[in-house]
Amino acid sequence: MRTNITLEEALEILLRQSPPIESIHVPLLESVGGVLAEDVFCDVNMPPFDKSPLDGYAVRSEDIKNASRDEPIILEVVDFIPAGYMSRKKVSQNQAVRIMTGAKLPEGVDVVIRFEETNFTDQEVKIYNAYPSGANISRMGEDMEVGDLVLKAGSVIDAPEIGILATLGKGYVHVYRKPRVAILATGSELLEIQQPLTEGKIRNSNSYTIAAQVKKLGAEPLMLGICDDDIETIKSRLKSTLGWADIIITTGGVSVGDYDLAKEAFQEVGAEILFWRVKMKPGTPIAVAKYEDKLIFGLSGNPAAAYITFEQFVRPIIQKKAGKSTYKFMEVHSVLENEFNKISSQNRFVRAITYYKDRKYYTKLPEKHSSGVLSSLAGTNSLLYIPAGTGPYKAGEEIKVQLLNHPEVL
Ligand SMILES: Nc1nc2c(c(=O)[nH]1)N[C@H]1C(S)=C(S)[C@@H](COP(=O)(O)OP(=O)(O)OC[C@H]3O[C@@H](n4cnc5c(N)ncnc54)[C@H](O)[C@@H]3O)O[C@H]1N2
Ligand code: MOO
């Protein structure tokens, strides 16, 4: 078992252990939020024909090359083409067709002129300007061409991707199955959230915070409830979910206390501990084990430590298992608005609120930031990264923050 490793080493070990899970075939709209498991190539030109992007008149540029305000060119209107219909006529010299947005251009024309720039009757149209050949025409294939790689495996499916897949006629799509994440809160001090508080007890908030984090990533959480600091109970809860879950997260019981039993329980159900303790604050005592192709994360019971270590370690693994091709946060340089005096011998993440104003990022830190404090996480959207040995930081200094709601753009 490796211990006291760096953040980078921990992530490398975890990413190595996390191939994507299998793909499934789902109806198009059910794929929203999922990750595409196949490269999608275009098999139809879009648009499939040269079309008019305007309501107006399709004409021959040659006929109108001498048009001016004082001496407009008059063309004979020989047809009318609504979208969805096509003209059988070939447009000849000094002729025009009235055409609607989206309609296929008839043979012979090479310019479309919007209504507002013309004067017209049913029989003829007056043109006041010359236009170069090709003006106001949407060319066949200008959006997508046959053979184009339009969506890459690993892309997250959002509304635009759904539109593209619909354009290509895909009623069903291959996506990676959502990772299943079981969550167990260990600690004899814990009560279910509906229970009234009794002496020495607190409610289990961690499972809910983590289930929300899992849900936000598009994965499937399953809360296994609370369990006493009793190794047999922890083991039986783990065993009951090893068949279902791709990832198990426990909170509490990973430090060095008499009742810190998580690691032992992981080993006794047959999992191999990959590492215990990472050089970071908060959440140092994190333990991770591997059981077949599943990972078991033992996170600190401290609510903010659990939240932050989830973001650093569990989130990238859920994303990688879900088939995503990016699983880092966007990192930006930002101006610190308040001072941060703590000097740490370990890398530290501090919850923060980061905003953008006048072409700069600014970051403010809530007053409370200890790993046992949950309340000040509310409203935060970023983590200030403090490398080991640096600090104190003064207000106005430039610092680096991770934006928790923005993935890195490749
Ligand atoms: N002698 C030492 N003691 C501790 C050390 C150490 O190095 N030496 N490390 C400290 C650090 S740092 C952390 S972090 C904690 C981690 O401890 P555990 O992971 O074993 O967590 P617990 O002791 O079970 O709980 C910590 C704290 O969080 C509360 N908690 C637990 N579960 C929940 C839950 N589901 N919802 C809300 N709150 C929860 C729990 O009551 C404790 O107050 O160890 C330090 N000790
Ligand atoms: O590692 Mo602990 O979460 O700092 O208190």
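The axes of helices H3 and H6 come within 10 Å and cross at roughly 30 degrees, where axes are lines fitted to C-alpha atoms, for helices over the stretch in contact, and angles run from 0 to 180 degrees between N-to-C directions. Welcome to a predicted model, in which local features need pLDDT of at least 70, side-chain atom pairs count only at pLDDT 80 or more, and totals for chains, interfaces and linings use all residues. Residues are numbered from 1 along each chain as its sequence is written, while chains are lettered from A and ligands numbered from 1 in the order in which they are written. Helices (H or I, at least four residues) and strands (E, at least two) are DSSP runs, numbered from the N terminus.

**Helix H3 with helix H6**

- H3 and H6 are therefore roughly parallel to each other; angles under 35 degrees count as roughly parallel, over 145 as roughly antiparallel, 65 to 115 as roughly perpendicular and the rest as oblique.
- H3 passes H6 in a right-handed crossing (left-handed if the near helix is turned anticlockwise from the far one by less than a right angle, and right-handed if clockwise).
- On the H3 side, the contact is made by Asn206, Thr209, Ile210, Gln213 and Val214, and on the H6 side by Pro303, Ala306, Tyr307, Phe310 and Ile318 (two residues are in contact if their C-beta atoms, placed from the backbone, lie within 7 Å).
- This contact of H3 with H6 has seven nonpolar, three polar and no charged residues; Ala, Val, Leu, Ile, Met, Phe, Trp, Tyr, Cys and Pro count as nonpolar, Asp, Glu, Lys and Arg as charged, and the others, Gly among them, as polar.

**Helix H1 with helix H6**

- Helix H1 (residues 7–16) also packs with H6, at an angle of about 25 degrees and with the axes 10 Å apart.
- H1 and H6 are therefore roughly parallel to each other, and H1 passes H6 in a right-handed crossing.
- Leu7, Ala10, Leu11, Leu14 and Leu15 of H1 meet Gln312, Phe313, Pro316, Ile317 and Lys320 of H6.
- The residues of the contact of H1 with H6 divide into eight nonpolar, one polar and one charged.

**The two ligands**

- Ligand 1 has 27 residues around it, and Asn206, Gly252, Ser255, Ser300 and Gly301 come nearest (a residue is near a molecule or strand if its C-beta atom, placed from the backbone, lies within 6 Å of it).
- Helix H3 (206–216) and helix H6 (303–321) are the elements that give two or more residues to this shell.
- The shell around ligand 1 has nine nonpolar, 16 polar and two charged residues.
- Around ligand 2 you will find Lys281, Pro282, Gly283, Thr284, Ser300, Asn302, Ala305 and Ser371, with two nonpolar, five polar and one charged by class.

**Backbone details**

- Lys281 and Pro282 are joined by a cis peptide bond, with omega about -5 degrees; Pro282 sits in the loop between strand S18 (280–281) and strand S19 (287–291).
- The peptide bond from Met46 to Pro47 is cis too, with omega near -10 degrees, and Pro47 is in the loop between strand S3 (40–41) and strand S4 (56–59).
- Glu292, a residue other than glycine, has a positive phi near 50 degrees and is found in the loop between S19 and strand S20 (294–299).
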